[in-house]
Amino acid sequence: MKDFRAPGEREAHDRAWDVVRAAYETRDPVIWPRRHARPLAAVGLVTAVVAAALSPPGRSVIHSLRKAVGVQNAQTELFSLPAPGRLLVTGAGGTWVVRSDGSRRRVGAYRDATWSPHGLFIAATRPNELVALDPQGRVHWTLARRSARFPAWIGTRTDTRIAYLSGGHLRVVAGDGTSDQAIASAAAVAPAWRPGAGRVVAYVPPGGGAVARDVDTGAVRLRTPRTTVTKLAWSDDGRLLLAFAPYGSRVYDARGRVVQDESPSDATHDADGGFVPGTHRVAFIRVHGLGSDVGSDVFTGRDGRLVLSGSGLFGQLAFSRNGRWMLVTWPTANQWVFVRNGRRKIVGAAQIARQFGGFPRIEGWCCGS
């Protein structure tokens, strides 16, 4: 009976997720004026002991936030980021760049966005347009394409490519907006470039599963069985591919062999997943329960080490470029929660929706300050 699910159980989960998430993404639609940015140490942030994300087995402790929604003593605003780099976020209030000192700039109103490889530019989409702009919001070029979505940028400082979806196809264009071409038919899932040498991009074909294709030669480097996939992510060394889905995710090696199969138990589903930077360990957000009993956990590694636990819905995972901090978005609490790797502490930032005109989606945590 372990695999038994009541009729309509998955659909009920999805409906509950959509209703609660939508309610909080539209909460506090007024943007506060930016306060004077101050470093973390200057504002006397209160940190709490948590399960140290990515810490060795046996050293972690579980910090549960189930009794109260949100981190107590969280910053009243996002005064600064706990690690170097810049966040790129998108939501109802527009697309924003958040610097490490907490200052933020709205660069426009876009559906999706992504950093260029070195954080010098941003690729973003409007309903029928791919746009390249700088972090100040100045547009450098545009490309009219039907239903453009999910840009992903890779390359060096002098030779880059942007993969994106348009009209049911995966397309690739040079970083200067030239040489745009269709690569293959694709489902509405963001493509993911493989790190390392060559230009290999993973995407989800219309029938499901995942395909990794060399865009220069057309050769298929990896093909997985046809299963439901809603997100793709590579390990930093390009050796493993995560094919994520709410009710069952798999990690594949370069030969297409399954090296990890992660299937939630009954009455649960996963909200997000991704590789811990510099490792082959995968972090997941697991959601369980319905209605007022909904709770979320973050765990990492094959041993399922629990990192963070709380009431309501956790939304996304993102990691700082140096891998020392993990960001967990918490729409139910209207907070971002930063968990320190190896130091067993947590920093919360409150009133996120108010600062961005709606609870935003994390598009990337990139380089620079």
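Arg138, with a relative accessibility of 52%, counts as exposed, a term that here stands for over 50% relative accessible area, while buried stands for under 20% and partly exposed for the range in between, with a 1.4 Å probe and protein chains only. The model is a predicted one, in which local features need pLDDT of at least 70 and side-chain atom pairs count only at pLDDT 80 or more, whereas totals for chains, interfaces and linings use all residues. Residues are numbered from 1 along each chain as its sequence is written, and side-chain values use heavy atoms, with hydrogens and water left out.

The side chain of Arg138 meets that of Asp134 in a salt bridge at 3.0 Å, N to O, where a salt bridge is a side-chain nitrogen of Lys or Arg within 4 Å of a carboxyl oxygen of Asp or Glu. Asp134, at 5% relative accessibility, is buried.

By this rule the count comes to 16 salt bridges. One of them joins the side chains of Arg149 and Asp112 at 2.5 Å, N to O. Because Arg149 belongs to strand β9 (residues 149-155) and Asp112 to strand β5 (residues 112-115), this pair ties together parts that are 37 residues apart in sequence; strands are DSSP runs of E, at least two residues, numbered from the N terminus. Asp112 is buried at a relative accessible area of 3%, and Arg149 is partly exposed at 23% relative accessibility. Both residues also belong to a network of salt bridges that links Asp112, Arg149, Arg361 and Glu363.

A further salt bridge brings together the side chains of Asp159 and Arg161 at 2.7 Å, N to O, and Asp159 is partly exposed, with 32% relative accessibility.

Terms used:
Helix = DSSP H or I, 4+ residues; strand = E, 2+ residues; numbered from the N terminus.
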